[in-house]
Amino acid sequence: MSDRHHEGPLEDRQDSFNEVDKRIELTRRRLRGYPQDHVRLARLINHVHKRQNDQTNLVLKQHDLNYVNYTALMMMYGAEDQTTTPSELSGATGEKPTNVTRICDELLHKGLIDRSPSTSDRRRVVLRLTRKGEKLVEQLQPELWRTLERIFGGFNTVEVRQLTGLLRAVLARLDQD
């Protein structure tokens, strides 16, 4: 990242992660071989993820949704013909099948999706975004884009691509396990 984003060394910054940083440093002093840089990175990613979800949920709560339900809607919105199966939705959202069932029940109850047997295989269930669900997704986008701009807007295009590449490399390693 360019220097324009930093006011000083990482250790001099004041943010919500400072207390975690202090504890990581104290742990490093107490445990020989403690991989503080890797621990800091893992905890920082988790911290950012939680804060991003909190910010996004503030917008979604106004529409009686949460981040998990919204993600399911978006995966259906982005699917061919806005349809998917529960197992495909599980893979796309990273949610376990039992949680996908609960999510779909909630979205079905709100009239945002339909659930029906497949025409080609009656044992298969097909989930389809309803017109109401489609309109809600489209209505939410400008508000969520503003949230993303607040979170990531300080990065230029090159930095966003670099960070994306680094995180995808981490994900690829995790996917190998």
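Predicted model: local features only at pLDDT ≥ 70, side-chain atom pairs only at ≥ 80, totals over all residues.
Helix H3, spanning residues 67-77, packs against helix H4, residues 86-93, at an angle of about 115°, and the two axes lie 10 Å apart. H3 is therefore roughly perpendicular to H4, since angles of 65 to 115 degrees are placed in that class. As for handedness, the H3 and H4 crossing is right-handed.

On the H3 side, Thr71, Ala72, Met75 and Met76 take part, and they meet Leu89, Ala92 and Thr93 of H4. Sorted by class, the contact between H3 and H4 comprises 5 nonpolar and 2 polar residues, with no charged residues.

The partners are Tyr67 and Tyr70, whose rings are 6.5 Å apart centre to centre, with 40° between the planes, and the pair is classed as tilted. The label follows because planes under 30 degrees apart would count as stacked and those over 60 as edge-to-face. Within helix H3, Tyr67 and Tyr70 are 3 residues apart, so about one helical turn separates them.

How accessible is each of the two tyrosines? Tyr67 has a relative accessibility of 25% and therefore counts as partly exposed. Tyr70, by contrast, has a relative accessible area of 10% and is buried, as the cut-off for buried is under 20%.

Asp81 is located in the loop between H3 and strand E1, which covers residues 83-84. Phi of Asp81 is near 60°, a positive value in a residue other than glycine. Gln82 lies in the loop between H3 and E1 as well, and its phi is near 55°, again positive in a residue that is not glycine.

Are Asp81 and Gln82 buried or exposed? With 59% relative accessibility, Asp81 counts as exposed, because the cut-off for that class is over 50%. Gln82 has a relative accessible area of 16% and is therefore buried.

Terms used:
Residues numbered from 1 in each chain as written. Heavy atoms only, no water. Axes fitted to C-alpha atoms, helices over the stretch in contact; angles between N-to-C directions. Helix = DSSP H or I, 4+ residues; strand = E, 2+ residues; numbered from the N terminus. Parallel < 35°, antiparallel > 145°, perpendicular 65-115°, else oblique. Left-handed = near helix turned anticlockwise from the far one by under 90°. Contact = heavy atoms within 4.5 Å. Nonpolar A, V, L, I, M, F, W, Y, C, P; charged D, E, K, R; others polar. Phe/Tyr/Trp six-rings, centres within 6.5 Å; stacked < 30°, edge-to-face > 60°. Buried < 20%, exposed > 50% of the residue type's maximum accessible area, 1.4 Å probe, protein only.
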